[in-house]
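This note comments on how the two chains of the model meet.

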Amino acid sequence: MKSAQSIASINDFVIKFANVNGSGSASANELFARAVMRMGVPVAPRNIFPSNIQGLPTWYEVRVSEAGWLGARGGCDMMIAMNPQTWDRDVASLDAGGYLFYDSTKPMPASKFRDDITVLGVPLTAMCNREYTDPRQRQLFKNVMYVGALIALLDMEFGVAEALIVDRYRGKDPLIQANVHALRLGYDYVRAYLPCPIGLTIRRADAVGDRIFIDGNSACGLGAVYGGATVTGWYPITPSTSVIESFTSYCRKYRTDPDSGHARYAAVQAEDELASIGMVIGAAWNGARAFTATSGPGISLMQEFFGLAYFAEIPAVIFDVQRGSPSTGMPTKTQQSDLLACAYASHGDTRHVLLFPENPYECFTFGALAFDLADRLQTPVFVLSDLDMGMNESLCKPFDWDDSRRYDRGKLMTYEELEAGKDFGRYLDVDGDGIPYRTIPGTHPTKGAYFTRGTTRNAYAKYSESGADYVYNMERLRRKFDTAKNLVPAPVLHAASQPTRFGAIHYGSTSPAMAEASALLEADGIHVDTLRVCGFPFCDEIMQFIADHEQVFVVEQNESGQLRSLLINEGEIDPKKLVRVLHYDGSPITARFISSRIADALSDRKISPIRKVAS
Amino acid sequence: MTYLAKPKLLSADAPKNALGYTRRDYEGAISTLCAGCGHDSISASIVQACFDLDIEPHKVAKLSGIGCSSKTPDYFLGNSHGFNSVHGRMPSVLTGAALANRNLLYLGVSGDGDSASIGIGQFAHAMRRGVNMTYIVENNGVYGLTKGQFSATADKGSKSKKGVLNSDSPIDLAALALQLGATYVARSFSGDKEQLVPLIKGALRHNGPALIDVLSPCVTFNNHSGSTRSYDYVRQHNEAVNRVEVILPRDPIETSYPPGSLRRIVQHDGSILHLRKLDVDYDPSDRIGAINHLQERHALGEIVTGLLYVDSSAQDMHSHLNTVEKPLNQLGDAYLCPGSKALEALNALLR
């Protein structure tokens with residue numbers, strides 16, 4: 001059946017599971033991914049799913065990479081083809097020499113296969129029907145059974161998967177036994193009837209270390225807990241909803257008063273995104289740390305409130321888990337396309353502070369930091385994640401927290417200061433950093449109250465339509481934004497192995513693909529320094545990086561090059577100097593894509609060496 | 001508009017309340033509304049109510065949206081924090097503020113455009129959620145700042161100053177609030193402070209969402225013949241179901257009423273509402289009856305005022321959310337941050 005050389009690889013390949021949405025495959029697929037990790041081999045799994053609850057095709061892609069590359073790779077070495085609807089394209093998507101695993105209960109005509117792949121059939125349905133009578137059990141255990149089969153085919157340790165099942169269902173012995181039994185059935189069948197292992201194998205390694213495995217949204221929710229958030233107003237929207245689910249579930253665990261059982265937080269599902277950001281702004285005005293989580297359409301709806309919070313100088317934290325846009329766009333696909341909508345959100349001259357985490361670890365740390373920055377700067381702070389980072393579990397360094405750290409509540413004027421007669425001008429730049437002092441409602445019976453408004457006012461918060469008052473305020477806001485430059489996380493430089501005239505700037509979830517692309521390019525003798533931008537406003541180091549290179553590639557996941565536009569606008573950069581490398585079809589950007597685009601661009605400029613990188 | 005600034009110093013014999021404050025301590029900046037605007041009477045009623053109840057001004061947060069009515073919080077309670085937010089969105093901002101600190105009194109001031117037109121969604125949901133607030137709608141049926149367009153509370157068939165007939169059905173915010181679960185619902189008239197002040201006092205002492213729909217004629221754009229929101233029209237069609245007096249636990253009860261003419265309602269905080277019945281059959285504890293009554297009388301062209309409904313055992317949003325007694329904005333780091341040990345344990349679960 002096979003004529004091409006079968007792919008042979010240890011600890012470095014991509015397996016894709018083609019399933020039907022709602023069939024219970026997710027937990028079985030995750031079991032497989034975790035089993036690989038428990039054998040010390042890093043994995044980078046990704047869900048590719050439709051905007052649908054049940055019945056449509058869904059894929060789970062597991063990249064196995066002992067080298068530790070966590071970006072999407074592209075291609076497919078082995079397909080677990082469990083969805084008849086997508087059979088043809090699943091078979092077609094296999095790399096030559098790849099492996100096709102399928103349910104062989106019903107015979108398939110030869111025309112449905114390819115002659116350059118290895119076909120591995122296991123009669124899963126027949127085995128399930130023999131074993132179980134309940135239709136739901138037949139479905140669920142079929143999933144576990146193919147994991148058992150894979151354990152055998154890839155020469156993995158059965159005990160590792162078994163231990164994972166024991167962990168997962170601890171205390172529920174019947175479930176443990178049933179799942180292990182199904183796992184064993186798949187495993188034993190393969191051992192008895194199929195040649196195994198195949199060319200792809202997992203070999204125990206020690207490349208995972210102490211890293212943890214978590215999705216970005218869970219980490220954002222945890223970051224909000226550690227950042228001291230007590231109020232969230234939110235509205236459900238894919239792919240951000242699980243940020244709130246995570247926050248409330250960690251709050252139930254960590255923020256339930258042990259004596260009274262009362263909650264030290266409040267989460268209110270709002271009627272829409274306008275109300276959710278309104279609640280956040282009301283709570284933050286009143287001195288609580290408050291946040292919301294949303295995605296592109298929500299960002300659009302919240303625009304007016306962002307302008308209010310910017311101009312009235314009220315802290316707010318917004319987790320924007322970006323998805324395919326514009327409009328409803330591709331709700332279950334990833335993009336980095338809200339950058340400009342957030343940076344300049346609302347009408348008039350507004351600028352907002354943005355943080356760009358690269359992985360769940362930074363979703364946690366930047367998420368917590370956002371609350372300090374919002375209080376310090378008295379302005380909305382956006383944490384820009386995306387669907388790829390937010391909804392897929394990823395390996396990252398373990399979370400840490402310095403117990404000596406105290407929340408920075410910013411410039412709050414106290415009862416004592418007011419009582420002592422300290423001058424309070426709500427919009428007065430006392431310290432020259434553009435940041436005024438504020439009072440929290442209820443601070444003092446007769447001093448420090450002021451009227452918050454989105455209309456113009458003087459430095460003492462009195463209504464004013466005077467041009468001079470307006471200009472004073474706008475100039476102060478500009479100074480405040482400059483202050484923010486040095487408060488957002490610094491960019492991360494990765495220098496090429498030798499000096500080069502070329503640089504690449506990227507941010508967020510592009511990071512793992514960019515790191516791998518650099519290595520691919522280096523292997524081909526192309527040297528590119530990379531700089532990962534972690535926040536906006538852009539600090540001087542970013543502009544210096546651009547100045548130091550002849551040509552800078554701006555690698556991002558949107559159609560127009562929004563980061564590039566922002567760099568040009570804010571840094572007054574010659575547009576010719578910044579070359580777009582754009583990936584925006586809704587799938588996560590890959591190292592192969594980045595490296596081939598950069599290699600092509602440099603070969604057009606007759607930069608040697610010009611060997612093309614396979615795409 | 002009031003052109004003369006009020007003198008800062010009062011005579012020494014100006015009446016003081018139990019906190020030692022005079023009425024002046026509850027006033028705000030000088031109003032910039034038109035002379036004779038109903039809204040200024042409402043501001044004065046709020047000042048009177050807060051003075052009478054010995055409310056510490058800094059324990060009140062006053063919030064509004066956009067419009068003539070929403071400008072008024074600048075003109076009362078100058079020692080309270082105020083927030084003039086965005087059009088139609090005061091309810092969500094107030095909700096957030098109330099979540100942050102359950103110990104302040106929340107006073108939302110809005111208009112008919114702000115609440116019934118652009119803000120009807122947020123109005124509805126704040127009522128549903130049981131936000132503990134006094135929500136005053138200064139209802140004149142017209143957009144003042146943009147010069148005389150109809151709002152969503154304007155009666156069908158009423159005539160604008162320019163002579164245009166309104167063909168859209170009106171929204172009755174009091175009826176809507178009843179349907180949506182508000183637990184204190186009243187309607188009043190800015191020209192009748194004797195009725196309005198006690199209604200505001202009762203609302204401020206209520207535990208839950210309290211709506212007062214105050215008909216407040218716009219002297220500039222909606223006080224002509226053919227308008228159903230003019231001073232004359234409202235006076236002629238005002239049908240009060242009761243008169244309220246708010247008795248605090250500390251007050252001696254001296255009033256005497258003929259038997260059957262008084263209803264006594266004890267609120268959650270111990271304050272007592274004395275309702276003198278004007279309509280003997282009207283029952284302010286019957287939500288459905290109240291809705292029916294409003295609709296029947298509206299069909300007859302009457303404007304029903306008074307305390308329309310009160311649920312004295314109401315619970316608010318914080319009890320639904322089971323939040324801690326201490327205001328969330330006062331919880332220290334130690335109560336909020338789980339710390340490094342918890343994180344280490346969590347890390348172990350994530351491997």
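1. A salt bridge is here a side-chain nitrogen of Lys or Arg within 4 Å of a carboxyl oxygen of Asp or Glu. The structure is a predicted model, and the rule finds two salt bridges across the interface of chain B and chain A. One of them joins Asp74(B) to Arg453(A), with 3.0 Å between the closest N and O atoms.

2. Arg453(A) also has a place in the pairing of strands between the chains: Asn84(B), in β2(B), stands opposite Arg453(A). Strand β17 of chain A, residues 451-453, runs parallel to β2(B) and is joined to β2(B) by three bridges.

3. Regarding the extent of the interface, 69 residues of chain A are in contact with 54 residues of chain B. About 5,100 Å² is buried between the two chains, and carbon and sulfur atoms give 62% of this area. On the side of chain B, His81(B), Phe83(B) and Arg351(B) supply 14% of the area buried against chain A, more than any other three residues.

4. Between chain B and chain A, 25 residue pairs are in polar contact, with both residues at pLDDT 80 or more. Several elements of chain B give two or more residues to the side that touches chain A; among them are the strands β1 (60-64) and β2 (81-84) and the helices α3 (90-100), α5 (120-129) and α12 (339-349). By residue class, this side of chain B comprises 25 nonpolar, 22 polar and seven charged residues.

Notes. Residues are numbered from 1 along each chain as its sequence is written. Chains are lettered from A and ligands numbered from 1 in the order in which they are written. This is a predicted model: local features need pLDDT of at least 70, side-chain atom pairs count only at pLDDT 80 or more; totals for chains, interfaces and linings use all residues. Side-chain values use heavy atoms; hydrogens and water are left out. Contact means heavy atoms within 4.5 Å. Buried area is the accessible area (1.4 Å probe) that two parts lose on being put together, summed over both. A polar contact is a pair of N or O atoms within 3.5 Å; within protein, one must be able to donate a hydrogen and the other to accept it, and residues adjacent in sequence count only if both atoms are side-chain atoms. Helices (H or I, at least four residues) and strands (E, at least two) are DSSP runs, numbered from the N terminus. Ala, Val, Leu, Ile, Met, Phe, Trp, Tyr, Cys and Pro count as nonpolar, Asp, Glu, Lys and Arg as charged, and the others, Gly among them, as polar. Two strands pair if DSSP finds at least two bridges between them.
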